[in-house]
Amino acid sequence: QVQLVESGGGLVQAGGSLRLSCAASGTILSINAMGWYRQAPGKQRELVAQITRSGSTNYADSVKGRFTISRDNAKNTVYLQMNSLKPEDTGVYYCNADRVQTWSRVYDYWGQGTQVTVSS
């Protein structure tokens, strides 16, 4: 069974920084892409950043230049460094692992979510 465990959320003042981590555990053969999504109160979940196995990245326009996604394939772990945080970055951040291949199947997985709150 594959699990995604997130850490690193919290409360920070505007202009501050946080680093999120997400580790995938289980008998994993490969993971296609890993990424971070967020959901603010009353809004739909949206993509924040994604990174492929080869290291190609994709960012939401609202976070370009402030957030950096990185990945350690050997540890099946993805990171999100968030700098110059704004109140509008507040939300629950979810880790996603796309097309996780195990011995029995290929499936997408989500973490439980970690709260990020940016105060003005």
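The structure is a predicted model, where local features need pLDDT of at least 70, side-chain atom pairs count only at pLDDT 80 or more, and totals for chains, interfaces and linings use all residues. Residues are numbered from 1 along each chain as its sequence is written, and side-chain values use heavy atoms, with hydrogens and water left out. The protein chain has 11 strands and 0 helices.

**Overall build**

- Read from the N terminus, the elements run β-β-β-β-β-β-β-β-β-β-β. Strands (E, at least two residues) and helices (H or I, at least four) are DSSP runs, numbered from the N terminus.
- The radius of gyration of the protein chain is 14 Å, close to the 14 Å that the globule rule gives for 120 residues, so the chain is as compact as a globular protein of that length. This radius is taken over C-alpha atoms, and the globule rule is 2.2 Å times the number of residues to the power 0.38.
- Along the principal axes, the C-alpha atoms fill a box of roughly 45 × 25 × 20 Å.
- Of the contacts with a separation of 6 or more, 54% are between residues 24 or more positions apart. Contact means heavy atoms within 4.5 Å.

**Surface and charge**

- Buried residues make up 42% of the 120 residues. Buried means under 20% relative accessible area, exposed means over 50%, and partly exposed lies in between (1.4 Å probe, protein chains only).
- The protein chain exposes about 6,400 Å², and carbon and sulfur atoms supply 45% of it. Accessible areas come from the Shrake-Rupley method with a 1.4 Å probe; for residues, only the protein chains shown count as cover.
- The chain has 12 positive and 8 negative charges, and their mean positions are 3 Å apart. Lys and Arg count as positive, Asp and Glu as negative; His and the chain ends are not counted. Each charge is placed at NZ of Lys, CZ of Arg, CG of Asp or CD of Glu.

**Salt bridges**

- The count comes to 5 salt bridges. A salt bridge is a side-chain nitrogen of Lys or Arg within 4 Å of a carboxyl oxygen of Asp or Glu.
- R38 forms a salt bridge with E46, with the closest N and O atoms 2.8 Å apart. R38 counts as buried because its relative accessibility is 6%. E46 is partly exposed, at 36%.
- R38 also forms a salt bridge with D89, with the closest N and O atoms 3.0 Å apart. This pair links distant parts of the chain: R38 lies in strand β4 (residues 30-39), D89 lies in the loop between β8 and β9, and they are 51 residues apart. D89 is buried, at 1% relative accessibility.
- R38, E46, R66 and D89 are linked in a network of salt bridges.
- R99 forms a salt bridge with D98, with the closest N and O atoms 3.5 Å apart. D98 is buried, with a relative accessible area of 17%.

- R99 sits in strand β9. R99 is not a glycine, yet has a positive phi of about 50°. R99 counts as partly exposed because its relative accessibility is 48%.
- S84 sits in the loop between β8 and β9. Phi of S84 is near 50°, a positive value in a residue other than glycine. S84 is partly exposed, at 41% relative accessibility.
- E88 lies in the loop between β8 (77-82) and β9 (91-101). E88 counts as exposed because its relative accessibility is 55%.
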